[in-house]
Amino acid sequence: MQPCYLGIDVGSVSTNVVVISATGEILSSLYLRTHGQPIQAVKEGLRQTMAALPGDVEIAGAGTTGSGRTLAGAIIGADIIKNEITAHAVASRQEVPDVQTILEIGGQDSKIIILRQGVVTDFAMNTVCAAGTGSFLDQQAARLGIPIEHFGDLALKSRNPVRIAGRCTVFAESDMIHKQQMGHNTEDIIGGLCEALVRNYLNNVAKGKEILPPIVFQGGVAANAGIRAAFARALGQEIIVPRHFAVMGALGAALLARDYVAKHPGTRFKGFEVSEEDYQARSFICQGCSNLCEIVNIEADGQLIARWGSRCGKWDTLGE
């Protein structure tokens, strides 16, 4: 049997599943829409991944990351559960060993990670406003009647990008509508939007950060050629988009699982069969103190398998 390692990144927009070999080579890569149902997305991701893998693969370790990492970890029996900053940094170092700056823009949030000599020294995240994220770009592409796959290519055709206020999704959209009504062509409006979103990112998420090359751009928005070009112009630097830019969180989780299991032999992974189990999520408010923590219960076929959410740790357990 070939020992391999599973990584799952559960985000608000997408759920990504990666399986790597012991040498870090990606054997299977999957990008799914979460659709507000992370449990179903994890189960479907496991089903599709199992079908795509050869029969001689054995999962020797599993890791999870993303906003739903604890939930996913409880379902699959993860050996390691890590935050997105660590997972993305590990994956970037695998692809670009001397990386010093990571620009990451996902479906609902964006972040910047600063590394020096392979170590994360600083980071910042924007989770307050969706301006510049994948979901906002999807929304504007739909409003303009343009497939999101063509959005970036149209931006590259712009000769005179219009100035658009990009600090807020509401203002950006109203500004785009105004520019359309004034008669500006679609290419220049989209080009202006890409520049506005990059300007917003650099002035807010990356404010005060020393952006040094090599610069790696990852996350779903890295597929947008217009945003890539706008970053290159604004920073005056080459922007490196890794091969697996859309699933770097899951790749990082798999790499972390591999390294963890090397030091702690054995795995807690429950097997791909968990995709067929019936999971229920329930919650209650703990009345033990003034914090009034919201406790989450995860049950499988009526049996409690995990519970978390208390600040004091009173209720927390990820099962056996």
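Contact here means heavy atoms within 4.5 Å. This is a predicted model, where local features need pLDDT of at least 70, side-chain atom pairs count only at pLDDT 80 or more, and totals for chains, interfaces and linings use all residues. Residues are numbered from 1 along each chain as its sequence is written, and side-chain values use heavy atoms, with hydrogens and water left out.

**Stop 1: glutamine 218**

Select glutamine 218. It sits in strand 9, residues 215-218. Strands are DSSP runs of E with at least two residues, helices are runs of H or I with at least four, and both are numbered from the N terminus. Leave aside neighbours within four places in sequence, and glutamine 218 is in contact with His88, Ser92, Ile102, Leu103, Glu104, Ile105, Pro242, Phe245 and Met248. Glutamine 218 has 0% relative accessibility, so it counts as buried. Buried means under 20% relative accessible area, exposed over 50%, and partly exposed in between (1.4 Å probe, protein chains only).

Now show the side chain of histidine 88. A polar contact of 2.9 Å joins it to the side chain of glutamine 218. (A polar contact is a pair of N or O atoms within 3.5 Å; within protein, one must be able to donate a hydrogen and the other to accept it, and residues adjacent in sequence count only if both atoms are side-chain atoms.)

**Stop 2: helix 9**

From the contact list of glutamine 218, pick Met248. Met248 is one of the buried residues of helix 9. Select the whole helix, residues 248-263. Its 16 residues reach 23 Å from first C-alpha to last, close to the expected 22 Å. The expected span is 1.5 Å times one less than the number of residues. Of the 16 residues, 12 are buried, so helix 9 is largely enclosed by the rest of the structure. Arg258 is among the buried ones.

**Stop 3: helix 7**

Move to residues 186-203, helix 7, and find glycine 192 there. Glycine 192 is buried, at 1% relative accessibility. It touches Pro161, Val162 and Ile164, not counting residues up to four places away in sequence. Helix 7 has 18 residues and reaches 25 Å between its end C-alphas, close to the 26 Å expected. Here 13 of the 18 residues are buried, so this helix too is largely enclosed by the rest of the structure.

Step back to asparagine 185, in the loop between helix 6 (169-182) and helix 7. Asparagine 185 is partly exposed at 38% relative accessibility.

**Stop 4: salt bridges**

The structure holds 10 salt bridges. A salt bridge is a side-chain nitrogen of Lys or Arg within 4 Å of a carboxyl oxygen of Asp or Glu.

- Select glutamate 195 and arginine 233: their side chains meet at 3.3 Å, N to O. Glutamate 195 is in helix 7 and arginine 233 in helix 8 (residues 225-235), so the pair ties together parts 38 residues apart in sequence. Arginine 233 is exposed, at 51%.
- Select glutamate 210 and arginine 116: the closest N and O atoms are 3.8 Å apart. Glutamate 210 is in the loop between helix 7 and strand 9, and arginine 116 is in strand 7 (residues 110-116), so the pair ties together parts 94 residues apart in sequence.
- Select arginine 282 and glutamate 299: this salt bridge is 3.2 Å, N to O. Arginine 282 lies in strand 11 (residues 279-285) and glutamate 299 in strand 12 (residues 294-300). Glutamate 299 is buried, at 17%.
- Finish with Glu44, Arg47 and Glu276, linked in a network of salt bridges.
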